[in-house]
Amino acid sequence: MPLTASMGFGSSSLMWFRKGIRIHDNPALEYASQSCSHLYPLFIIDPHYMKPDPNAFSPGSSRAGLNRINFLLQSLSDLDINLKKIGSRLLIVKGDPYEVLIRCLKQWNIGKLCFEYDTDPYYQALDIKIKDYALKTGIEVFSPVSHTLFNPTDIIQKNGGKPPLSYQSFVKLAGEPPSPLSTRYSSLPPVGHLGNCDISEVPTIKDLGYGDAKLEEFSPFKGGESEALKRLEECMKDKNWVANFEKPKGNPSAFLKPATTILSPYLKFGCLSSRYFYQRIQDVYKILPKHTSPPVSLLGQLLWRDFFYTAAFGTPNFDRMKGNRICKQIPWKDDDKLLEAWRDAKTGFPWIDAIMVQLRQWGWMHHLARHSVACFLTRGDLFVHWEKGRDVFDRLLIDSDWAINNGNWMWLSCSSFFYQICPRRTSMNHGLLLQAFRPKQIA
């Protein structure tokens with residue numbers, strides 16, 4: 001819900017982009033553009049996520065690999081281009097988000113601050129500080145839920161104050177999501193005087209300090225709302241494929257044309273609205289009423305996403321084993337050599353190593369491939385802590401998502417949600433084969 005206060009400052013609005021890097025179905029942008037003399041679209045380059053870390057095991061910051069950083073920069077460039085088409089532009093400022101935002105609110109005489117609600121712990125803590133400042137200074141704040149289909153708080157309240165921990169119970173509580181906004185902009189209010197704020201264009205990888213990066217190292221998937229909508233249209237053209245989509249079926253070794261939508265990174269950064277995606281799938285279902293159903297259908301995958309967001313939001317210490325009430329306490333191995341062999345594609349098992357090479361080069365792999373390497377590292381073969389694998393995925397995946405990454409690692413390691421442990425056996429039923437040909441280097 002938005003926090004509102006009397007408008008003690010000016011009649012200008014600040015639209016703070018974090019996720020939700022799009023113009024379509026963006027309630028925060030729509031509200032920010034109403035009844036204001038000037039609109040300031042802002043993105044803050046946060047050193048917490050973007051500062052180069054020379055000690056990391058792969059190029060990138062301490063929090064993200066270079067593929068994901070590059071995907072984000074492409075998404076910002078695309079947003080800037082689309083804003084310029086309707087008389088605006090994206091303002092880039094580097095620095096601590098709280099300090100930058102307070103400075104901009106003062107410099108630009110802002111009366112209305114708008115940003116998408118974020119359930120990630122980092123932004124939860126930051127937003128409390130921002131809203132507290134806004135309340136004290138009389139700045140109106142509008143922070144709608146639009147990154148997910150549903151408001152996790154509503155689902156938790158319906159479930160008696162706790163998140164539902166089964167997919168079926170979540171779906172029963174959720175119902176139908178709100179429809180996406182149909183707003184189309186011919187123009188936006190102009191950007192006003194910029195004062196002393198140090199504004200820049202969208203930086204390049206080199207601008208951020210990654211001078212040695214080579215373009216051929218980057219993921220083949222390009223970031224941005226324009227690319228997201230293009231990919232969505234391509235998917236929706238094949239109505240039979242949409243109607244018959246059934247997870248976990250699919251070919252994880254299909255590289256030239258991956259056997260899935262590859263829309264997850266666009267959902268992660270909010271380049272594509274999940275509500276709009278949901279609506280487009282429903283449109284296909286109306287034409288082809290004989291279709292697959294949740295949890296295996298394409299629509300079901302969006303519901304899985306919200307399920308994990310809700311579970312994560314309502315569970316303290318969701319990203320760790322200790323202190324996590326829904327996570328089994330398992331005596332995992334603490335073996336860095338096993339972890340590094342897995343991470344660096346040196347296990348000696350071609351299938352596992354090929355997947356890990358694809359992860360490092362593309363920042364993406366098919367969901368069945370993810371299942372294979374996650375089970376291999378944890379309950380299937382190496383018995384290494386799921387948190388260690390989670391950290392590798394969190395760094396290298398372009399679609400790494402705090403709630404979904406943690407939730408899936410707990411699931412696949414049989415630490416939560418699913419508990420059918422089969423020692424020494426992986427999700428692809430190749431555990432016995434792996435046992436027979438265990439290489440000496442990871443024995």
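Is R343 buried or exposed at 16% relative accessibility? Hi everyone, let's start there. This is a predicted model, and in it R343 counts as buried, because its 16% falls under the 20% cut-off.

R343 has a partner: it forms a salt bridge with D344, with the closest N and O atoms 2.9 Å apart. D344, at 26% relative accessibility, counts as partly exposed. D344 also forms a salt bridge with R360, and there the closest N and O atoms are 3.0 Å apart. R360 sits in helix α14, residues 350-362, while D344 is in the loop between α13 and α14, so this pair ties together parts 16 residues apart in sequence. R360 itself is partly exposed, at 31%.

Now to the wider picture. A search of the whole structure finds 17 salt bridges. One of them joins the side chains of R89 and E201, at 3.6 Å from N to O. That pair links distant parts of the chain, 112 residues apart: R89 is in the loop between α3 and β3, and E201 is in the loop between α7 and α8. Both residues are partly exposed, R89 at 23% and E201 at 45%.

Helix α8, residues 225-237, holds E227. E227 is buried, at 18%, and touches K222 and Y266, leaving aside residues up to four places away in sequence.

Key:
Residues numbered from 1 in each chain as written. Predicted model: local features only at pLDDT ≥ 70, side-chain atom pairs only at ≥ 80, totals over all residues. Heavy atoms only, no water. Helix = DSSP H or I, 4+ residues; strand = E, 2+ residues; numbered from the N terminus. Buried < 20%, exposed > 50% of the residue type's maximum accessible area, 1.4 Å probe, protein only. Contact = heavy atoms within 4.5 Å. Salt bridge = Lys/Arg side-chain N within 4 Å of Asp/Glu carboxyl O.
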